[in-house]
Amino acid sequence: MQNVLLCSDIELDTLAALLARFGLTLETVAAGEPIPGSWFGEPEAGIIARRVIVRGDTPVHSALHESCHLICMDEGRRTTLHTNAGGDYDEENAVNYLEITLASYLPGVGSERIMADMDRWGYTFRLGSARAWFENDAEDARQWLQHHDLLDPDGRPSWKLRQ
């Protein structure tokens, strides 16, 4: 089985630029250093306020997932955020949908790779895979993102944070 794509496998400048479009900051820590704000533990990405924190061995899907939590939560939660994104079931689904969507804006990543990596990591979806969920069972997540002005009617990112 192929390993998941790591932050060391991509140009982090492209991820930093994507996050900057939302007013978020990407921070890196050196190999072997702790990752502040990591909910699942290292090497998973950490989140504190508007910062996403990664190491070279952090999976790209983890960096995107935690970034999407920052995008999808309201400003009140973002202001006090440290480690635990919280949120409800609908927001978590929206985070997964947006993660897959934003992956297509990262050269060398793409939504197909992120969906495969989500499956490799162990995400579970009712239809058995991230791809099956995204293509056949995620309309509610898409509507949630559109309702909160995070996707336009054509499914493209608005490049805004939830208010």
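Predicted model: local features only at pLDDT ≥ 70, side-chain atom pairs only at ≥ 80, totals over all residues.
Let me begin inside helix H5 (residues 110–121), where Arg113 and Asp117 are 4 residues apart and therefore separated by about one helical turn. Their side chains meet in a salt bridge, at 3.0 Å from N to O, a salt bridge being a side-chain nitrogen of Lys or Arg within 4 Å of a carboxyl oxygen of Asp or Glu. Both Arg113 and Asp117 are buried, where buried means under 20% relative accessible area, exposed means over 50%, and partly exposed lies in between, with a 1.4 Å probe and protein chains only.

Residues are numbered from 1 along each chain as its sequence is written, and side-chain values use heavy atoms, with hydrogens and water left out.

Now the overall picture. The chain has 7 helices and 3 strands, where helices (H or I, at least four residues) and strands (E, at least two) are DSSP runs numbered from the N terminus. The radius of gyration of the chain is 14 Å, close to the 15 Å that the globule rule gives for 163 residues, so the chain is as compact as a globular protein of that length; the radius is taken over C-alpha atoms, and the rule is 2.2 Å times the number of residues to the power 0.38. Buried residues make up 49% of the 163 residues.

Returning to charge pairs, the structure holds 14 salt bridges. What does Asp149 form a salt bridge with? Its partner is Lys160, with the closest N and O atoms 2.7 Å apart, and this pair links distant parts of the chain, 11 residues apart, although both residues are in the segment after H7. Asp149 is partly exposed at 37% relative accessibility, as is Lys160 at 41%. Asp149 also has a positive phi of about 60° although it is not a glycine. Another salt bridge brings together the side chains of Arg156 and Asp152, at 3.2 Å from N to O; Arg156 is partly exposed, with a relative accessible area of 44%, and Asp152 is partly exposed too, at 21%.

On backbone geometry, most residues other than glycine have a negative phi, and most peptide bonds are trans. Ala49, in the loop between E2 and strand E3 (51–54), has a positive phi of about 55° although it is not a glycine. A cis peptide bond, with omega about 10°, joins Glu42 and Pro43, and Pro43 is placed in the loop between E1 and E2. Glu42 is also linked with Arg55 and Asp57 in a network of salt bridges.

Finally, the surface. Trp39, Phe40 and Trp121 make a nonpolar patch of about 360 Å²; patches are made of residues with over 30% relative accessible area and no salt bridge, like charges being joined within 9 Å and nonpolar side chains (Val, Leu, Ile, Met, Phe, Trp, Tyr) within 5 Å. Phe40, in the loop between strand E1 (25–28) and strand E2 (46–48), counts as exposed at 52% relative accessibility. A negative patch is formed by Asp88, Asp90, Glu139 and Asp140, and of these Asp140 lies in helix H7 (residues 139–147) and is partly exposed, with a relative accessible area of 37%.

Notes
Areas by Shrake-Rupley, 256 points an atom, 1.4 Å probe, with all protein chains shown as cover. Lys, Arg positive; Asp, Glu negative; His and termini not counted. Charge placed at Lys NZ, Arg CZ, Asp CG, Glu CD.
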